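I would like to walk you through some local features of one structure, beginning with the backbone and then turning to the charged side chains.

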Amino acid sequence: MEEAFLEWRVGADLWAASTAMAMFAAYVALDLARGVSSRHTFTAWRSLIASALALSTGTWAAHFIAVAGEPLPFKLGYDSGLAFGSLLLALVTSVVGVYLSARPDLTGTRVVVAALVLGTGVCAVPALSLMALRLTPAPHWNLLIVAAGWTLACLGSGAALSIVAAQRRSASQLGLGWQAGVALGLGGAVAIGNAAVLLATSVPLLSQSLSVGRTGAATLSALAVLGVPALLALLLMISVLEARFRQLLKRTRDEVKRAAQTDRLTELPNRSMFEESLQVAAIRADRQQHKLALLFINVDGLKAVNESFGQATGDAVLREVARRLRALAGTHDLVARAGGDEFLLMLEGNPTTQDAAHMAERVLGSMNELCRIEDHEISTSCSVGVAVYPEHGTAAKLIAHTAAAMRNAKRTGGGAHCFFEERMVAGARDQVELLQDLRRAIANRELELHYQPKIHAPSGQITGAEALMRWKHPQRGMIGPNVFIPLAERYGLINALGNWLIEDVCRQIRAWRDQGLRMRVALNLSVHQLRQADLAERIVEALARHHIEPSLLTCEITESAAMDDTRVTLQMIEQLSAAGVHLSIDDFGTGYSSLSYLRQLAAEELKIDRSFICDLETSADARAIVDAVVKLAQALGLKVVAEGVETEQQQEILRRLGCNELQGYLFAKPMSASALALWAMNDEGPRALDFRPSLFGDTLPQTIIS
């Protein structure tokens, strides 16, 4: 006899609600799954759990919504362990499915595995929920229908995840339209799996639920109808708020980055952004085997505009320059402000050398047009340096090379353009290397002092010496002060060098004094040292530290340094004079001395520059100048020292003119301290010259006679 079975009474409204719940849960799960691929571990795991929770609760609730309206003609109850075990099963399969499908590297294999896991879950969850009814006699299962439902659920999940994979491969986010379509596919798969399980389950006519009195069907239905939608709505709201916060954060970050890479005055990209763009353009050019051209533009005479019309007018000129450069630039070209009155223009599109030269000429022509700023008509011009990548250097060096070309154009008078040549940076590189070596030499005390004797003209006796710095470079050999002193002055090392000179001269005077030689030594002070407020104090401290009379030290100040800042120089000379130090005006005749100012200086001697001495034998003008200097010094009560004496005839002329002291290669070249001491003590020197008797013996409080 054929067994009778009960018919499931599931209304169309419940089916629709169940399907809607599944699709809503899938939509929320997809929205939350965006964060699973985050590089931040906490964010990735939080998104994974939240997405799986949304999909699992939706899958679980879809079944209980479908069977909420008394689907069987007897009272139902659920075994709590099995009912909530089905929820746990849904959560586990959802975690695995979401993890596999939400990774950045979503391959075809992952899509298949994720679809199988999700399809199995959407069929297993309603099956386990029906088992929680504990029906007796046990229901019959049509495995063919279950298999068909499982297959359709896997296909639906796979189709939905394939769309996600395609979007990932196109490197785009899943838009709202695509997200809704994928949610329909996943929700439909859940609905199909749930329906297939119910259709495959045949309940015998006399069946009863043994779980009556445990967890009621009404309780689970209420939880599915009310609790799960509320949870999904909360998760969706959190996801939407978090997405908006991320967008706001990204927009803020982009704005901050844009502000950091944009020049405020001209609203052009700044140098930082230009360098990034140049690197990207160079990579693109290498890949396409193209060239780039770079123009470094310097506005000539902007300092004069600022001084004449004010900073605001100068800023207006820069804005006008930026506007003109933007107008000249092509679609793919980039204009930026390098800083100050300097601009950069990059030409892409495989420009030739002629293209770059033509653009440089256009820039020059545009800059030559008058700028009308308020009521002023201001004429402008510029100097342009041009370099082509890759023939003129790597991307990292291209800006420096165009700047070198621009400086070369400016040295020729400005208002022109110049292409980069290797010679333009060869000297600069050598200077940088030499500067590094000089820093190391000062720190390691690799410099040394040589001493050139000073000769009393009437008697021919040695009266003192001048300390001259020498640098014995380990690779370059001996380097003269005419090379490294200007370098030290330019890059802020002259004060450290000057401090070492003062200390070493005082130390050497003391060492000679301990040997019985009372030598007066002259040292040179630079204009930078004269601006040090504590220079006199430091010299006095060095003299006291080595127990030396101030009269044994002569400070030589060049005429140009003395005239550089008369007020500051006068104060410093007065302080040094008050300390008892001898003062000398060096290189006299090469500057522009004011006689009234010269009278105020507490100097004791003038040193005639060697440029006048070398022409004494052949030039009447040179003899006349030296004669005038000697007479001027005598009128002011100053001694006269002539440096650069190299011939006997020069010596005779200087003696006749009345010079007090002579110095030069005729008598001796600069020598080491030990060589000078050996000459003084043992008469082993380059010439048969006597040292003044006053240079020997005990230190007495009288003044040394010159």
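**Backbone features and salt bridges**

Asparagine 350 has a relative accessible area of 35%, so this residue counts as partly exposed. Please bear in mind throughout that the model is a predicted one. Asparagine 350 sits in the loop between strand 10, residues 342-347, and helix 11, residues 353-367. What draws attention to asparagine 350 is its phi, which is near 60°, a positive value in a residue other than glycine.

Is glutamate 267 buried or exposed? With a relative accessibility of 64%, glutamate 267 counts as exposed.

Let me stay with the backbone a moment longer and turn to peptide bonds. Most peptide bonds are trans. In this model, however, the bond joining threonine 136 and proline 137 is cis, with omega at about -5°. Proline 137 is found in the loop between strand 3, residues 135-136, and strand 4, residues 140-141. A cis peptide bond also runs from tyrosine 389 to proline 390, where omega is near 10°. Proline 390 belongs to the loop between strand 13 and helix 12.

How many salt bridges does the structure hold? The number is 25, and I shall describe some of them.

Lysine 291 forms a salt bridge with glutamate 391, and the closest N and O atoms are 3.0 Å apart. This pair links distant parts of the chain, 100 residues apart. Lysine 291 is in the loop between helix 8, residues 271-288, and strand 8, residues 292-300. Glutamate 391 is in the loop between strand 13, residues 381-389, and helix 12, residues 395-411. Lysine 291 is partly exposed, at a relative accessible area of 32%, and glutamate 391 is partly exposed as well, at 45%.

In the next pair, arginine 476 bridges to glutamate 433, with 3.9 Å between the closest N and O atoms. For arginine 476 the relative accessible area is 36%, which means partly exposed. Glutamate 433, at 42%, is partly exposed too.

Some salt bridges share partners, and in this way Lys454, Glu605, Lys639 and Glu661 are joined into one network.

Finally, a pair within a single helix. Glutamate 242 forms a salt bridge with arginine 246, the closest N and O atoms lying 3.6 Å apart. Both residues are in helix 7, which spans residues 217-260, and they are 4 residues apart, about one turn of the helix. Why is glutamate 242 called partly exposed? Its relative accessibility is 24%, and the term buried is kept for values under 20%. Arginine 246 is partly exposed, with a relative accessible area of 37%.

That concludes my remarks, and I would be glad to discuss them.

Key. Residues are numbered from 1 along each chain as its sequence is written. This is a predicted model: local features need pLDDT of at least 70, side-chain atom pairs count only at pLDDT 80 or more; totals for chains, interfaces and linings use all residues. Side-chain values use heavy atoms; hydrogens and water are left out. A salt bridge is a side-chain nitrogen of Lys or Arg within 4 Å of a carboxyl oxygen of Asp or Glu. Helices (H or I, at least four residues) and strands (E, at least two) are DSSP runs, numbered from the N terminus. Buried means under 20% relative accessible area, exposed over 50%, partly exposed in between (1.4 Å probe, protein chains only).
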